[in-house]
Amino acid sequence: MAENEPKIISFLCNWCSYGAADLAGVSRMEYPSNIRVIRIPCTGRMSPKFILAGLNQGADAVWVSG
Amino acid sequence: MDVESTPIPKITPRNEKVAIIGAGPAGLTAAYFLALEGFPVTIFEALPVGGGMLRVGIPDYRLPPSVLEKEIRSITRLGVDIRYNTAMGRDITIDTLMADGFESVYLAVGAHASMKLNIPGEDTDGVITGVRFLRETALYKRKTVNGHVVIVGGGDVAIDAARSAVRMGADKVSIIYRRTRTEMPASDEEIEDALEEGVQIDFLMAPVEVVAENSKVTGLKCLRMELGQPDESGRRRPVPIPGSEFVTPCDIIIPAIGQRVNPAFLEGSDGVELTKWNTIIADPISCETSRKGVFAGGDAQSGPWIAIGAVAAGRQAAESIRRHINGEDLKAGRDPIEEPQKDFNTIPKNIEQLPREHMDRIPMQNRLSGFTEVEKGFTEEQACREASKCLNCMVCCECYECVKACGADALTIDTHLEKPAVENLDVGAIVLAPGFSPYDPSGLDFYGFDTLPNVVTSMQYERMLSASGPFGGHLVRPSDHQEPKKIGWIQCVGSRDQNNCKNSYCSSVCCMYAIKEAVISKEHAGDDLECAIFFMDMRTPGKEFEQFYENAKTKHGIRFERSRIHTIEPTAGGNELSVRYVTEDGRMLNELFDIMVLSVGLETPPELVDLANRLDIDLTPGNFAKTESFNPVATSREGIFVCGAFQGPKDIPQSVIDASAAAAAAGEMLASARGTMCKTKKTPPETNVIGDRPRIGVFVCKCGSNIAGVVDVPSVRDYAATLPHVEYATDNMYTCSQDTQDIMTQIIQEQNLNRVVVAACTPKTHEPLFQETLINAGLNKYLFEMTNIRNQNSWVHKNNPELATQKAKDLVRMAVAKVALMEPLEESELSVNQTAMVIGGGISGLAAARSLADQGYETHLIERDSQLGGQALNLYHTAQGDDIQRNLSQLINSVEKNDIVKIHLNTKLTNVEGFVGNFKSTLTSGDNTLELEHGIAVIATGAAPYTPSEYSYGKSPDILTAIELDKKLIADDPMLNKLDSALFIQCVGSREPERMYCSRVCCTHSIENALELKKRNPDMNVYILYRDIRTYGEKEYLYRKAREQGVIFIRYSLDNKPVVVAKDEKISVTVTDHVLGRPMELTVDLVTLATAIVPYGDEQLANFFKVPMNENGFFIEKHAKLGPSEFATDGTFLCGMAHYPKPIDESIAQAKAAASRAVTLLARKTIFSSGTIAEVDPGKCAACGVCVSVCPYSAPTFNEEGRFAGKAGINPVLCKGCGLCVASCRSGAIHLKGFDTDQIFSQIFEINEAV
């Protein structure tokens, strides 16, 4: 990625947002490739530590969706 | 392409010799296919040349001998030997051939003899038959003709002879034919060519005598004819005109009136039988003659026919001869070759008509002076243009492009050749679920569906809204792809309509889908889009539907117009549609729309009517499978069940309910056979990998071109191989294909892998498949991680292959890091108690209990009242007219008599513990309590009638609720016979702001009772005051009948309800009529209030089973569409009016459905929990109780005994693996197996490598 390209880490709930991301593919939508998805069983699984770790590892943004 | 230079396939030589008689198209074809099989083939040909009629029947100017000879050489080069000048019957016989060691003989001698005119003088010099004339010409025995040539006949041979005679120098050539040009069998093009070349054709003439002088032809005496009545062939029969004889002077007469088989070939051969026309008798499939091992085909067997027919026959004969020599069945799996093409693809309307391409021809002077081929063939451009006219109407042209395109080798030439086959299956029950067809509005010209592109059906509109639809999910006007500003829906197209179609029923689903389509359209296009629905009655009687309708009006601003549109007309610009209609207040309006959607109904297609006839089951007047109220999924024939829209027009939830019910009905019949035809799957023992260093295998999927078309798969694979612990990395064309699974199993074992990563599509669909592969390889299925490089990568970044490849590498790296930390997980096995509990002894509870018991499971039926029957005890007749009391008592009787149903009357449920498979419930009856252990529970607690406070209820004995009227009907109360007038008020307590749902049954119920009152006293004035009449499905017939019988329907609105006042003996009702728009007072003897159905809203019961209720107090099912008869909580099921108000047939269907769903659990005996669940490390647990309080499934509890008493523990059966407790645990004591903290961190840590 170029310098001005943000690095985004996302935590997607297996039951909704992860499925929605699949559907975006099935629908042949397009979006920038800056995102790296980590599938979690439920956003209930999210811990603040994951967000902090993501930022600490150089992510420019963390997106939790569920 | 040169046919002689094509490669010769590898042929395995065989010893068995085959003799073929005749080197025409049939004989040559048979020789070709037999030679490919390796048989030595000898063809015996009477003529000095090969090709048969192609050589000596078709003149050279149509088929040059050089072309034919090349084709023949392509066959002889396979080793086929042709012996010319060898005639059967003269030089050889079948017996001499057999004696020479030929295993089989194929008779393909053709039809080279001519029909005779049977007129005097036919043998005179100068008379020569057409076939002979053409043969001698082809063999160059006759090179010129002189004088006037007369040809008799109207077929291709006559034309060929005439055109040949022209080329050979005849002074004049004429054809005489006894009918007219219209009846001539020769092809039009040939006739045109002959006329062009100067041939004269004389119609309506028939020869009667050859005129000769000195034994030489000088003329032909003819008769004139006229056309009479048609004969058997449909052509008009020529009738001679008496006294019209005349003589045409001529020098040569060529009769060309037909060919026949010369039977001389059978001289000296026995055992081959002929028809009376001398054609050979052969089996239509095997081509075998009456003599074993001797086969026949081509013109000699079929009579004179086209060359391609002989080619086909030759190929079939080759197959038979191969089978004969191999000793196989000659006919198995074969059909006669003359199978007419069926199932043509529909030819689209409005196809542009283009003229045919015409081949260039040689100049006329060359045509008249020699036998050079006339047509020069198509140029490449012409050939392409002509080919592009193909309408593709044949279902398959066997181009095999599909075989080439299928990268997975699922479609091969062999599978492509598979044909429909008839199989017999022994079954105990049949379930019919064949569905419906959407009504085709093509015939309705006033809607312009055929001509206006912006008029679409609702089904087409569904596709237009779909992301995979014709416009990629972008809502546009079909004619010009502009975004629409205004869309209208017309309801009841093909439903509730006896004039334009025969569908007088209501299709049940259209109101709701039209609202849904309008709401989705607004969501797509935003507030600028205007949506209007034109309807007769708005029918939204389903669960949550009324609220949806209300929201559509108030929140989405969708306009509802109660009006019937007559005509849709185009506008001058062509894109907009003009719609004229009358509003409710009588104004005539003209409105423009961009798109008009026709809400088409559901109907049974004719082929399903045929199916019903074949199966001998009865249909309703609307052509749906006939069922009874108390047996809603059983057809009229025992053992045949029905579900879905073939039982009646219905929506998805009702279809799913029916489907489960039909399965239960079949299961009841076949309970004794349960588990008798099962196979047990064998899996290898699980390898212990604990403590082993990770050895990871990475499988990167190409998914055909879905991934490989964007992502550089080989580079991802090579990158994966460099990652820590990766021992093996590969790529696959389709990782999910069966053969790849087998290969993966082998690789895992050979490479001794103990962790697997698949980079492919989405784990949501494919994870279980790959986990199965791990099990088959002896690995624990949780030693697996799947990463999504298709749906979330190649498909969404298709224009950025480099970045997509980089992302795929990152995703693989993250997955590898995580899988290295995976440990084998255990799934707890849990036994399922085989006892069922049904709560509620009404119709639904009774039906559920009976179904469970009939399927072999002990069932406890709990009823709070002192008798079984519930609300049905107060009901009179069903919509189909069935007597409810009689049927109910039969149902109760059958349950009471059933040994394995235990009935608990006057009993309440006072406590429930446990979980799926192992519930423990406390039943209390008076002072007695009973602990009941059961594996599943069915909630069938029903609902109650609303007690009205409105409409002066209670102020007069003549103001009743619907159930009170039913009670009087059951009791045959004498007051019913004294009535002169009666009035029903609908929606009492339903569809009100505080109860925003429709009670579904009341419209039908009131109409039914109105008809009952009319039956008792036809002169009675009966009024029904309603808001929308909701007689969905075939209940519509009752509504029509009521109107026919004079029941008066008056519509009122919610904001202007009727006013009821009890006055002395009579009751006064004032209502504002929607037609007159003025209040009017009706004085009647009886008022019946169609009261709402109100749920009990039993919070305690909901808490016992941890099942939810909606705001009205109805229980919420697992899934509104796909899980209507079960709860999200495992082991608990739902049916009847506790779910939503419904009539008896639907209650019984849902009761059976709940039983069916329950049996899927009971039949398993044991179940496994998931391995990805939370687990407490008791050493770290601070016993704070947060996990216990946050878990929505009550999985964590405090241990009551043992070493860790007081600490939290998690029940693996109840845990859904959401991780809420893990995140909330302040001590870090809870681990979520499969998604543990270190595993998620490992994925996060790999992010920093991402570029």
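In what order do the three strands of the open sheet in chain A lie? The order is β2-β1-β3, and the pairing is parallel. Keep in mind that this is a predicted model.

Let me stay with that sheet. β2 and β3 (61–65) of chain A stand at its edges. Each has a single partner strand, so one side of each is left without a neighbour in the sheet. Neighbouring strands here are turned by 20° against each other on average, ignoring direction.

Now one pairing in detail. Strand β1 of chain A covers residues 8–13. Five bridges join β1(A) to β3(A), and the two run parallel.

Step back to the whole of chain A. It has two helices and three strands. Along the sequence they follow the pattern β-α-β-α-β. The C-alpha trace of chain A spans about 30 × 30 × 10 Å along its principal axes.

Next, the contact between the chains. Chain A puts in 32 residues, and chain B puts in 34 residues. Which elements of chain A give two or more residues to the side that touches chain B? They are α1 (17–26), β2 (35–40) and α2 (48–56) of chain A. α1(A) gives the most, with seven residues. By class, this side of chain A has 17 nonpolar, nine polar and six charged residues.

Over to chain B. Start with strand β34, residues 859–862, and strand β35, residues 901–904. These two strands of chain B run parallel and are joined by four bridges.

The crossing of α24(B) past α25(B) is left-handed. Which residues meet there? From α24(B), we have B:L846, B:A847, B:A849 and B:R850. From α25(B), they meet B:L891, B:I892, B:S894 and B:V895. By class, that contact has six nonpolar, one polar and one charged residues.

Helix α27 runs over residues 1002–1016, and helix α28 over residues 1036–1044. Their axes come within 10 Å and cross at roughly 40°. That makes α27(B) oblique to α28(B). α27(B) passes α28(B) in a left-handed crossing. On the α27(B) side, the residues are B:T1004, B:I1007, B:E1008, B:A1010 and B:L1011. On the α28(B) side, they are B:L1038, B:Y1039, B:K1041 and B:A1042. The contact divides into six nonpolar, one polar and two charged residues.

To recap. Chain A carries an open sheet of three strands, in the order β2-β1-β3. On the side of chain A that touches chain B, α1(A) gives the most.

Conventions: Residues numbered from 1 in each chain as written. Chains lettered and ligands numbered in written order. Predicted model: local features only at pLDDT ≥ 70, side-chain atom pairs only at ≥ 80, totals over all residues. Pairing = 2+ DSSP bridges. Contact = placed C-beta atoms within 7 Å. Nonpolar A, V, L, I, M, F, W, Y, C, P; charged D, E, K, R; others polar. Left-handed = near helix turned anticlockwise from the far one by under 90°. Axes fitted to C-alpha atoms, helices over the stretch in contact; angles between N-to-C directions. Parallel < 35°, antiparallel > 145°, perpendicular 65-115°, else oblique.
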